[in-house]
Structure formats: C-alpha cells, structure tokens
Amino acid sequence: MSIRIGKSVYMLFVAREDRNLLVLQVGLSACFLIGISLYHYILATLKGYERIPKAWKIHFLIQAMLIAIIGMMYPYDRYPALWGNYFIQGIYTFWAFYVLRTAFVLRGVLRKLVKRDPNSTVLEYWLAFVWAGNLLILCCYILGYFYWYITSTLAFSFVLYALVLFIMSRKNAKEIFREPKEKYQSKKIVAAEACALHEKLDKVLAAEEVFTNPSLKLSDLAKLVGVPAHKLSQFLNDNLEQSFVNYINTKRISHAKNLIKAHPNYTLEVIGYESGFSSKSNFYASFKKITGQTPNQYRIENKESEGADL
C-alpha cells in the first residue's frame, strides 16, 4: 500500500511530461497485492499463526507473478490506454473482492463490535480498524479514479496516523502482538482445571456479589479470580458456552429473583439497580430473556404461590 501511495504522491508532484511511467506501473502492480495481503494478515492473526503456511506463499506468489507477467507483456509506457481503462478497473475489483472476503472472515468480530460486546478485545478492535481503513482507502481510490485523485492519498495518511496513534499505547501494542498466542491458539481448558476455575469463580461471586456492579468488566472479574482475562473468557465461552455478559446477567437475574421474594415492597426498578443493571429497560429485557417472563409476572406468580402455601 505504501508503494501504491508513493506512486500517487509522485503523480501529484511531478509534471506530466516529466513522469516515468514505470513508477506508475509499479504503483498499480503493488495495488493488485493489497487485498490478498490484508486477507492473509487478518486470517493469520485470528488463527494465531506464527509462520506463513506454504499454501499461502504459493497463492501470493502466483498473483505476484501474474501481475508481473502482465506488466512485462503490456508495459504502461506502451499501453497507457489499456492500463487506464481496463487494468486499473480489474485491480480495484480484485482488491474489493478480498476486502469483502476479509469481512466474511472477520464477521464475528465485526458483529461483536457493532453490538458493543464488553468481551471485545484490543486485538479485535485493531483488526476491525485495519479492515475498515483498507475499505476507506479503496473507496477513496475508486472516487479518485472518477473525480478527486488526491482523496486516496489523504485517506491513506489519515488511516496511517490513526492506526499509529492506536498502537502507540504500550498496553494496546502488548495485547495486539501477544494475544493471538494466548487467546486464539490455545486449546480448550481441561476438565480438572475448568472445575477448579468454576469453583473459584462461584466463591468470588457468592462472597463479594461483584455482579451487582453495573460497570463490572471481564478484566475486573478475572483479577478477583486470579486468572488472565483471556483465560476466563475462554472458560466462559468454551466450557460454560456463555458470553461474559450472559453469564453475569444470569447471576444478576438470580439475585433479582431473591430480592423480589425477600422484599415484596421494593419497586422493580430498585430491584433492577440493586442487582447490577444500569437501566430499567435492560433489567426487564434480560429478565424476560432468561426467565421467559417479565419481573412483574414473576412477582405476581410468586405472591400467588405464597398465598397457596398459606
């Protein structure tokens, strides 16, 4: 991508009659490899690969040879119309194909971020930003092809600086470059270890009732339990088959049900806040999702059962 942007800057600052057309050809050829590079980077990071698979090298090499052979057979200085009218469109289409293919690979991460899942990690944000930045630059190149050529160069600069600022944080850099090993490559926690972790988790929640804190995060709970956040997330997702949010909300609803029984005079809004929900609507929606009935229906049902016992 840097080679491609270099070509764009060259075109902006060098007069048309002084341009070396080989520079333009190299820039466009590099553009042909942006999409596949993005795809393999995202896929390798998600899968936790430390080495590039041989099949990927062959895949990349074939495409690099393809654009190189086309460049030798139809050099830009002899076929400028062919490059300007057809090859550029093909290159951008090829780039767009891999951007969409990458989005499909990244769909689970993108869905989490759109829903603002508190389990979302710094690495997932990083991958989403890289993909979105690539999409933005592609769109600007397509726009520049028809209207304002400089938009693509400006977009690249904006995306580059934004990503650099994001990764400059020591904490962000540490999680981005270390997390693939820890989270995406690790195997399922063995039964004995999972049992011990489950017991410790139950003790912490029962003793301190930290779930009543509406601002509770996965990292906060992990510190109390004494395990890394990625391991607690893995345990919840793989062993309990629940997300952090669903797991905590289940605990909160159980606590709310006890409060409804013990304090019939409490308003449901108060019970929701006492159980750790930040809003009445969130409390009602979670209660309905987990129990199949509203808090008010549960209260009425509970009163009727108490009356029957009397």
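**View 1. Glu 124 in helix α7 of the predicted model.** Glu 124 is found in helix α7, helices being DSSP runs of H or I with at least four residues, numbered from the N terminus. With a relative accessible area of 4%, Glu 124 is buried (under 20% relative accessible area with a 1.4 Å probe and protein chains only; exposed is over 50%, partly exposed in between). Its side chain makes a polar contact with the side chain of Lys 112 at 3.2 Å (a pair of N or O atoms within 3.5 Å, one able to donate a hydrogen and the other to accept it). This is a predicted model, in which local features need pLDDT of at least 70 and side-chain atom pairs count only at pLDDT 80 or more, while totals for chains, interfaces and linings use all residues. Residues are numbered from 1 along each chain as its sequence is written, and side-chain values use heavy atoms, without hydrogens and water.

**View 2. The largest nonpolar core, of 45 residues.** Such a core is a set of buried Ala, Val, Leu, Ile, Met, Phe, Trp, Tyr and Cys residues joined through side-chain atoms within 4.5 Å. Ile 91, Tyr 92, Trp 95, Leu 106, Trp 126, Leu 127 and Ile 137 touch the most other members, and the largest share of the core, eleven residues, comes from α7.

**View 3. Surroundings of Ile 91.** Apart from neighbours within four places in sequence, Ile 91 is in contact (heavy atoms within 4.5 Å) with Leu 28, Cys 31, Phe 32, Ile 67 and Trp 83.

**View 4. Met 65 in helix α4.** This helix spans residues 54-73, and Met 65 counts as partly exposed because its relative accessibility is 45%.

How values were computed:
Helix = DSSP H or I, 4+ residues; strand = E, 2+ residues; numbered from the N terminus.
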